[in-house]
Amino acid sequence: MSDYTSGDSMAKIDRVSRLLLFISIGFFIAASLINTLYTLTGRHDLLFKTGLVFIILFDIFYAVILLSIYQTGKLQITDRLIFLSLGLFAIIFISEIILEINAGTGLFPGIVGFVGLAFGFMYYYFKDDELLSRVMIIVAAILAYIAMAGYPLMPYIFTFGTSYLNSALWAQAFIILEILLVLAFLFKSSQIVADFLTESGKSLGLFIFAIGMIITGASMVSTNLAALPAGLGDTLSAILIIAGIFALIAGILIVIISLMDFYNSVIKPRIHFMR
């Protein structure tokens with residue numbers, strides 16, 4: 001580890017940041033469930049309520065994924081996390097299409113989402129081909145992000161629709177990481193270059209993800225729920241403010257982790273080349 005930061009200190013920061021992130025996501029899921037259940041009690045047609053039921057299923061499955069990640073003690077991109085995420089996105093894209101039909105806004109975003117899922121599952125089909133499988137998952141992330149950005153803003157909770165794991169830049173972080181891993185594969189004949197691209201990709205991806213957490217946290221803290229009944233609006237505002245504060249703190253800590261990781265894995269091993 002760095003001369004400036006002990007390994008024990010970095011491990012503690014990592015544990016605290018992950019815990020705060022999980023708590024933040026937990027509060028976000030709670031806010032979404034409360035709001036969706038309240039909306040479900042209103043006078044809406046069957047199609048709209050069906051879309052809401054899928055949002056509830058989304059929240060429940062999201063919580064299951066969160067608990068699964070927490071039990072592993074690590075927040076890492078694994079084939080299992082990708083597979084669970086594809087299942088989660090499938091649920092929300094079903095609700096998206098239903099709500100798009102109900103609102104008469106067109107089905108393009110929802111269809112884009114399912115095309116993205118197809119590329120996501122092709123990632124596993126081409127798993128033996130490292131280059132092609134990574135291209136597939138990059139395309140999947142791009143299309144999933146576009147679909148989430150087009151989600152109908154009802155109920156209100158999906159004003160954070162592009163956020164996943166409470167980061168507004170999850171897709172950008174993942175795509176940049178995968179692109180650098182593709183470049184590392186292409187330059188694998190040069191171990192120095194390949195290692196540099198791989199380690200840089202991990203640190204840069206983590207840094208961008210953390211900035212996305214800060215953006216999402218700030219959005220949650222400043223959310224205006226004046227359109228909702230006073231009691232419900234105040235309750236949801238309080239929950240989202242708590243979620244946002246935890247996301248902000250976790251995001252700042254993960255920025256620190258990413259910078260220290262970049263120093264330890266990219267700069268420090270190459271200092272003697274710079275002298």
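## Helix H6

Helix H6, which runs over residues 170-186, has 17 residues and reaches 24 Å from its first C-alpha to its last, close to the 24 Å expected at 1.5 Å a residue. The model described here is predicted, and H6 has the highest mean pLDDT among the elements of the chain, at 95, whereas helix H9 (residues 271-274) has the lowest, at 60. The chain as a whole averages a pLDDT of 88, with 92% of the residues scoring at least 70.

Once residues up to four places away in sequence are set aside, Val-182 touches Leu-131, Arg-134 and Ile-138. For one of these residues, Arg-134, the C-alpha atom is separated by 6.9 Å from that of Val-182, although the two residues are 48 apart along the chain.

## The loop between H5 and H6

Leu-165 lies in the loop between H5 and H6, and its phi is near 55°, a positive value in a residue other than glycine. At 9% relative accessibility, Leu-165 counts as buried.

Asn-166 also has its place in the loop between H5 and H6, and its phi, near 60°, is again positive in a residue other than glycine. The relative accessible area of Asn-166 is 2%, so this residue is buried.

## Leu-75, between H2 and H3

Leu-75 is found in the loop that lies between helix H2 (46-72) and H3, and, with a relative accessible area of 26%, Leu-75 is partly exposed. Leaving aside neighbours within four places in sequence, Leu-75 is in contact with Arg-18, Leu-21, Ile-69 and Leu-165.

Just after H3, Gly-104 takes a positive phi of about 70°.

The axes of H3 and H5 come within 11 Å and cross at roughly 30°, and H3 passes H5 in a left-handed crossing. On the H3 side the contact is made by Ile-82, Phe-89, Phe-93 and Glu-96, and on the H5 side by Ile-137, Ala-144, Ala-147 and Met-148.

## The pair H7 and H8

Two packed helices are described by the angle between their axes and the distance between the axes. The axes of H7 and helix H8 (residues 230-267) come within 7 Å and cross at roughly 160°, a crossing that is left-handed. H7 and H8 are therefore roughly antiparallel to each other, given that angles over 145 degrees count as roughly antiparallel.

How values were computed: Residues numbered from 1 in each chain as written. Predicted model: local features only at pLDDT ≥ 70, side-chain atom pairs only at ≥ 80, totals over all residues. Heavy atoms only, no water. Helix = DSSP H or I, 4+ residues; strand = E, 2+ residues; numbered from the N terminus. Expected span 1.5 Å × (residues − 1). pLDDT = per-residue confidence, 0-100. Axes fitted to C-alpha atoms, helices over the stretch in contact; angles between N-to-C directions. Parallel < 35°, antiparallel > 145°, perpendicular 65-115°, else oblique. Left-handed = near helix turned anticlockwise from the far one by under 90°. Buried < 20%, exposed > 50% of the residue type's maximum accessible area, 1.4 Å probe, protein only. Contact = heavy atoms within 4.5 Å.
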